[in-house]
Amino acid sequence: MVETETWCVNKSCYNLEIAISQDKKTKGLMYRKAISPYRGMKFNWNTENIRLMWMKNTYTSLDILWLNKNKVIVDIKENIPTNNTNIIRSNKKAQYIIELPSGSAKNNNIQIGQVLNKSTF
């Protein structure tokens, strides 16, 4: 069973798969042909650091949000192309990363400095 949590920002909520283990972090959203709107993946670490990602074997374009320990968005990369093997790095230290379908940040006015909140419903 896949562990999920619902996180909200700017009145938009996303059902996110949780990647805690190294295996889950390594695989991420690889090999998925599509990601439904308002779905995605949340990557958790125990500390803040400059985080690196890539899109190898990822078949759908993504927006990536980097969050600090207080769940404040510290960096956003939008419309990252599919199957991109270039390293994508945060500009600031982050403890969490959220991958969303491409266009989510723009369509829902998600910006640096906003806070994500875990839904309790």
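A residue counts as buried when its relative accessible area is under 20%, as exposed when that value is over 50%, and as partly exposed in between. Keep that in mind as you go, and remember that this model is predicted.

**Stop 1: a pair of cysteines**

Select Cys8 and Cys13. A disulfide joins the two, with 2.0 Å from S to S. A disulfide is a covalent bond between the sulfur atoms of two cysteines. How many disulfides does the count come to? The count comes to one disulfide. Turn the view to look along the S-S bond: the angle about that bond is 105 degrees, and the link of Cys8 and Cys13 is right-handed.

Now compare the two ends with the cut-off above. Cys8 has a relative accessible area of 15%, so Cys8 is buried. Cys13 has a relative accessible area of 30%, so Cys13 is partly exposed.

**Stop 2: the largest core**

Next, select Phe43, Met53, Ile64, Trp66 and Ile97. These are the residues with the most contacts inside the largest nonpolar core, which has 15 residues. Which strands each supply at least two residues of this core? Colour strand S3 (39-49), strand S5 (62-67), strand S6 (73-80) and strand S8 (94-101) to see them. Of these, S5 gives the most, with three residues.

Click on Met53 and show what surrounds it. Leaving aside neighbours within four places in sequence, Met53 is in contact with Phe43, Ile64, Trp66 and Ile97, and also with Asn86, Ile87, Ile88 and Glu99.

There is also a second, separate core, and it has 14 residues. To find this second core, select some of its members, including Tyr14, Leu16, Leu67 and Ile76.

**Stop 3**

Select S8 by itself, then bring back the rest. Is S8 largely enclosed or largely open? Eight of the eight residues of S8 are buried, so S8 is largely enclosed by the rest of the structure.

Show S3 beside S8. The two strands pair in the antiparallel sense over five bridges, and Met41 stands opposite Glu99 of S8. Then show S5, which is joined to S8 by six bridges and also runs antiparallel to S8. Here Trp66 has Ile97 in S8 as its bridge partner.

**Stop 4: stacked rings**

A search of the whole structure finds two aromatic pairs. In one of them, the rings of Phe43 and Trp45 have centres 6.4 Å apart and planes at 15 degrees, so this pair is stacked. Phe43 counts as buried, at 1% relative accessibility.

**Stop 5: a buried glycine**

Select Gly28, in the loop between helix H1 (22-27) and S3. With a relative accessible area of 7%, Gly28 is buried. What does Gly28 contact beyond its neighbours within four places in sequence? Show Met41 and Phe43 to see these contacts.

**Stop 6: a glutamine in a loop**

Move on to Gln114, in the loop between helix H2 (104-107) and strand S9 (117-118). Gln114 is buried, with a relative accessible area of 18%. Its side chain makes a polar contact of 3.3 Å with the side chain of Asn10. A polar atom of the Gln114 side chain also lies 3.3 Å from the backbone oxygen of Asn109. Not counting residues up to four places away in sequence, the residues that Gln114 touches are Val9, Asn10, Lys71, Val72, Ile73 and Asn109.

**Stop 7: two positive phi angles**

Finish with two loop residues. Tyr38 lies in the loop between H1 and S3, and its phi is near 65 degrees, a positive value in a residue other than glycine. Tyr38 is partly exposed, with a relative accessible area of 40%.

At 21% relative accessibility, Lys71 counts as partly exposed.

Definitions and conventions. Residues numbered from 1 in each chain as written. Predicted model: local features only at pLDDT ≥ 70, side-chain atom pairs only at ≥ 80, totals over all residues. Heavy atoms only, no water. Core = buried A, V, L, I, M, F, W, Y, C linked by side-chain atoms within 4.5 Å. Buried < 20%, exposed > 50% of the residue type's maximum accessible area, 1.4 Å probe, protein only. Helix = DSSP H or I, 4+ residues; strand = E, 2+ residues; numbered from the N terminus. Contact = heavy atoms within 4.5 Å. Disulfide = S-S within 2.5 Å. Polar contact = N/O pair within 3.5 Å; in protein donor to acceptor, adjacent residues only side chain to side chain. Pairing = 2+ DSSP bridges. Phe/Tyr/Trp six-rings, centres within 6.5 Å; stacked < 30°, edge-to-face > 60°.
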